[in-house]
Amino acid sequence: VQLQASGGGLVQAGGSLRLSCAASGRTFSRFAMGWFRQAPGKEREFVAAISWRGTSTYYADSVKDRFTISRDNAKNTAYLRMNSLKSEDTAVYYCAAATASYYSDNYYHSIADYDYWGQGTQVTVSS
């Protein structure tokens with residue numbers, strides 16, 4: 001599956017952005033989805049994940065109650081709504097897809113669990 005992330009940009013602290021991740025090439029609903037981010041000089045870190053059905057979600061503590069992950073399987077797209085942005089949220093954000101079993105409702109938060117990655121979209125939060 002090919003993933004295309006978009007929606008990044010420059011925003012003031014306290015503002016909001018919505019990232020999108022458009023998938024193509026394979027059945028989107030076969031994949032659990034995740035968002036990760038990487039700030040300059042730091043390792044890539046987990047942000048949020050959602051099961052293929054969209055009924056289970058999981059967040060890093062640093063973004064809990066501020067970010068919301070969602071998906072629309074009919075549109076082959078996953079989203080990350082980011083509210084109350086802080087300067088420490090500045091990073092390149094990547095979406096990723098993990099092959100999921102139809103019989104499970106799992107999400108994944110480890111980089112190693114993901115099979116496909118998008119190219120990243122830059123989010124810059126000015127203070």
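**Asparagine 76**

I began with asparagine 76, which sits in the loop between β7 and β8. I took strand names from DSSP: helices are H or I runs of at least four residues, strands are E runs of at least two, and both are numbered from the N terminus. This is a predicted model, where local features need pLDDT of at least 70, side-chain atom pairs count only at pLDDT 80 or more, and totals for chains, interfaces and linings use all residues. Residues are numbered from 1 along each chain as its sequence is written, and side-chain values use heavy atoms, with hydrogens and water left out.

I looked up the backbone of asparagine 76. Its phi is positive, about 75° being the value for aspartate 65 and about 55° the value for asparagine 76.

Next I checked accessibility. I call a residue buried under 20% relative accessible area, exposed over 50%, and partly exposed in between (1.4 Å probe, protein chains only). Asparagine 76 has 30% relative accessibility, so it counts as partly exposed. Aspartate 65 lies in the loop between β6 and β7. At 79% relative accessibility, aspartate 65 is exposed.

**Arginine 66**

I moved on to arginine 66. This residue is also placed in the loop between β6 and β7. Is arginine 66 buried or exposed? Its relative accessibility is 11%, so arginine 66 counts as buried.

I listed what arginine 66 touches, with contact meaning heavy atoms within 4.5 Å. Leaving out residues up to four places away in sequence, I found Arg81, Met82, Asn83, Ser84, Leu85, Lys86 and Asp89. With aspartate 89 there is a side-chain to side-chain polar contact at 2.8 Å. A polar contact is a pair of N or O atoms within 3.5 Å; within protein, one must be able to donate a hydrogen and the other to accept it, and residues adjacent in sequence count only if both atoms are side-chain atoms.

**Salt bridges**

I then searched for salt bridges (a side-chain nitrogen of Lys or Arg within 4 Å of a carboxyl oxygen of Asp or Glu). Side chains of opposite charge can pair when their charged atoms come close. How many salt bridges did the count give? It came to 4.

Aspartate 89 forms one with arginine 66, and the closest N and O atoms are 2.8 Å apart. This pair links distant parts of the chain: aspartate 89 is in the loop between β8 and β9, arginine 66 in the loop between β6 (57-59) and β7 (67-72), and they are 23 residues apart. Aspartate 89 has a relative accessible area of 0%, so it is buried. Salt bridges with shared partners join Arg37, Glu45, Arg66 and Asp89 into one network.

Arginine 37 forms a salt bridge with aspartate 89 as well, with closest N and O atoms 2.9 Å apart. Arginine 37 is in strand β4 and aspartate 89 in the loop between β8 (77-82) and β9, so this pair ties together parts 52 residues apart in sequence. Both arginine 37 and aspartate 89 are buried.

I also noted a salt bridge between the side chains of aspartate 61 and lysine 64 (3.0 Å, N to O). Aspartate 61 is exposed at 66% relative accessibility. Lysine 64 is partly exposed, at 40%.

**The disulfide**

My search of the whole structure found 1 disulfide. The term means a pair of cysteine sulfur atoms within 2.5 Å. Which residues does it join? It joins cysteine 21 to cysteine 95, S to S 2.1 Å. Cysteine 21 is in strand β3 (residues 17-24) and cysteine 95 in strand β9 (residues 91-99), 74 residues apart. The torsion about the S-S bond is about 65°, so the disulfide is right-handed. Both cysteine 21 and cysteine 95 are buried.

**Strand β9**

I finished with β9. Of its 9 residues, 7 are buried. I counted two strands as paired if DSSP finds at least two bridges between them.

- β9 pairs with strand β4 (residues 31-38) in the antiparallel sense over 8 bridges. Alanine 98 in β9 is the bridge partner of alanine 32.
- β9 pairs with strand β11 (residues 121-126), also antiparallel, over 3 bridges. Here alanine 91 stands opposite valine 123.
- β9 runs antiparallel to strand β10 (residues 116-117), joined by 2 bridges. Tyrosine 116 in β10 is the bridge partner of alanine 97.
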